[in-house]
Amino acid sequence: MSDMRSGAVSSFFEGRARLRHSALKDPATVRGLLQLLDMQPGILEAVPNPRTGSLLLRYDPALITPGDLETAAQWFEAGFGPDPADSADSADAADRPVWNAVLGALDNTAALNAAFVLALAGLLPGARRLHRTAGAIFAALALIHALRRR
């Protein structure tokens, strides 16, 4: 068993991970995330709890590695920023301009297109990890794009 609890990942066991973030209390965010997760091979079940702001993921460890989950969690955190509920000074909005700049940099069609092309290139024989990783990055960028432009 690996311990990768940090940031949005509140618990992790092989085949199961729980994400916690106040952004998961927003029904539109959860709907968009569930749609993206439905398209990901290896995700067996995603059960949101909007009351607590958590998402339980059950996945196939043969298809998704802890490294894949860690990468996806980092993209999630980059997209939504640190959870204000974790901060004692959550009312202080001084960090928001920085996160808006980060999100603006991630929300561009060139990065989205590059991730998509890499995901397609990953369909070539022997490039399965490239396909999964680039697909996860594409999904994260698409989610950021959709949430910023909805």
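How many helices and how many strands are there in the chain? Here are some notes to go with the predicted model above, starting with that count.

1. **Overall layout.** The chain has five helices and four strands. Followed along the sequence, these elements come in the pattern β-β-α-β-β-α-α-α-α. Of the 150 residues in the chain, 35% are buried.

2. **The hairpin of β1 and β2.** Strand β1 (residues 9-13) and strand β2 (residues 16-20) run antiparallel and are joined by four bridges. If you want a pair to click on, Ser 11 stands opposite Arg 18 in β2. The two strands form a hairpin with two residues between them, and Gly 15 in the turn shows a positive phi of about 90°.

3. Which strand does β2 join through five bridges? The answer is β4, and the two run antiparallel.

4. **The setting of β4.** Is β4 largely enclosed or largely open? Five of its six residues are buried, so the rest of the structure largely encloses this strand. Leu 55 lies in β4, and its relative accessibility of 2% is under the 20% cut-off, so Leu 55 counts as buried. Leu 55 and Val 30 are 25 residues apart in sequence, with their C-alpha atoms 8.6 Å apart in space. Val 30 is one of the buried residues of helix α1, which brings us to that helix.

5. **Helix α1, length and faces.** The buried residues of α1 are Thr 29, Val 30, Gly 32, Leu 33, Leu 36 and Leu 37. Viewed down the helix axis, these buried residues fall within an arc of 165°, so they line one face of α1. On the other side of the helix, Arg 31, Gln 35 and Asp 38 are exposed.

6. Side chains of opposite charge can pair when their charged atoms come close. The structure holds two salt bridges. In one of them, the side chains of Arg 58 and Glu 45 meet at 2.8 Å, N to O. This pair links distant parts of the chain, with Arg 58 in strand β4 and Glu 45 in strand β3, 13 residues apart. Arg 58 is partly exposed at a relative accessible area of 38%, and Glu 45 is partly exposed at 35% relative accessibility.

7. **A salt bridge between helices.** The side chains of Arg 132 and Asp 68 also meet in a salt bridge, at 3.3 Å from N to O. Here too the pair links distant parts of the chain: Arg 132 sits in helix α5 (residues 128-149) and Asp 68 in helix α2 (residues 66-80), 64 residues apart. Are these two residues buried or exposed? Arg 132 counts as buried at 16% relative accessibility, and Asp 68 counts as buried at 14%.

8. **A nonpolar patch.** Which residues form a nonpolar patch on the surface? They are Phe 116, Val 117, Leu 120 and Leu 123, with about 390 Å² of accessible area together. Phe 116 is found in helix α4 (residues 109-121). With a relative accessible area of 40%, Phe 116 is partly exposed.

Methods. Residues are numbered from 1 along each chain as its sequence is written. This is a predicted model: local features need pLDDT of at least 70, side-chain atom pairs count only at pLDDT 80 or more; totals for chains, interfaces and linings use all residues. Side-chain values use heavy atoms; hydrogens and water are left out. Buried means under 20% relative accessible area, exposed over 50%, partly exposed in between (1.4 Å probe, protein chains only). The arc is that of the directions from the helix axis to the C-beta atoms. Patches are made of residues with over 30% relative accessible area and no salt bridge: like charges are joined within 9 Å, nonpolar side chains (Val, Leu, Ile, Met, Phe, Trp, Tyr) within 5 Å. Accessible areas come from the Shrake-Rupley method with a 1.4 Å probe; for residues, only the protein chains shown count as cover. A salt bridge is a side-chain nitrogen of Lys or Arg within 4 Å of a carboxyl oxygen of Asp or Glu. Two strands pair if DSSP finds at least two bridges between them.
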